[in-house]
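Subject: Structure handover

Hi,

Here is the structure for your files.

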Amino acid sequence: MNIILLGPPGSGKGTQGELLAQRTGILRVSTGDLLREAVARGTDLGKRAKVFMDQGLLVPDDVIIGLLGEVLASPGAAGGVIMDGFPRTVAQAEAVDRLLAARGRQVDRVLYFVVADDELLRRIEGRAGVEGRADDNPDAFRQRLVVYRKQTQPLVDFYRQRGGLTDIDAVGAVQEIAARVRAGVGE
Ligand code: AMP
């Protein structure tokens, strides 16, 4: 099963993606984690990505689509993937369709994590410093939210029109939300 977790920064996709991966055994892939690893290793990809990440901007589609190709071709992804933090643009969504179709697969479910902006800002203020992410300070976070609204939010309509998108009320206790996520993937 190929599942997309869609939602604003700070909506809990990472936490819920990990729980769902543990429960189902499906590989969770986070482009944010892959990029942070590349930055930490100082690879060319990491150097290119860091400039954008530090400003809360999206890393260019060509970089991400190259990364997606590698991820979806890896043996671990053969049983499907939980996509956390991608696609983030329509071009990426089309690339995901293409890459999956080349393997006779498709996007099966899209879970849209719904959280109001004021709640997101409260969460990020709590998270800053805890995970030690350079892009978790309130200014960079606000920028990420603006970028999300402009570049990623249109994917909600893209998938809603196509069918297979489920809204997840992502406010509440972690385990409550996890139960909604499980219901959303038909478990
Ligand atoms: P995340 O951990 O998903 O919040 O991602 C952290 C940062 O990595 C984002 O603010 C972007 O700069 C970059 N990033 C992660 N995933 C993508 C993506 N699919 N497309 C473009 N940039 C991304």
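This is a predicted model: local features need pLDDT of at least 70, side-chain atom pairs count only at pLDDT 80 or more; totals for chains, interfaces and linings use all residues.

Residues are numbered from 1 along each chain as its sequence is written, and side-chain values use heavy atoms, with hydrogens and water left out.

Ligand site

The ligand is surrounded by 16 residues (each with a heavy atom within 4 Å of it). T31, R36, L57, R88 and Q92 are the closest. Helix α2 (residues 31-41) gives the most to this shell, with four residues. Helices here are DSSP runs of H or I, at least four residues, and strands are runs of E, at least two, numbered from the N terminus.

- R36: a polar side-chain atom lies 2.9 Å from a ligand oxygen.
- Q92: a side-chain N or O atom is 2.9 Å from a ligand nitrogen.
- R144: a side-chain N or O atom is 3.4 Å from a ligand oxygen.

Taken alone, the ligand exposes 480 Å², and the protein buries 95% of that (Shrake-Rupley areas, 1.4 Å probe; for residues, only the protein chains shown count as cover).

Cores

The largest nonpolar core has 28 residues. Such a core is a set of buried Ala, Val, Leu, Ile, Met, Phe, Trp, Tyr and Cys residues joined through side-chain atoms within 4.5 Å. Buried means under 20% relative accessible area, exposed over 50%, partly exposed in between (1.4 Å probe, protein chains only). L6 and Y159 have the most contacts inside this core. α4 (61-73) is among the contributing elements and gives the most, six residues. Apart from it lies another core of 18 residues, among them I3, V115, L145 and I177.

Aromatic pair

Rings of Phe, Tyr and Trp (its six-membered ring) pair if their centres lie within 6.5 Å; planes under 30 degrees apart count as stacked, over 60 as edge-to-face and the rest as tilted. The count comes to one pair. F158 and Y159 have ring centres 4.9 Å apart and planes at 85 degrees, so they are edge-to-face. Y159 is buried at 1%; F158 is partly exposed at 23%.

T152

T152 lies in helix α7 (residues 138-152). T152 is buried, at 3%. A polar atom of its side chain lies 2.7 Å from the backbone oxygen of R88.

Best wishes

Terms used
A polar contact is a pair of N or O atoms within 3.5 Å; within protein, one must be able to donate a hydrogen and the other to accept it, and residues adjacent in sequence count only if both atoms are side-chain atoms.
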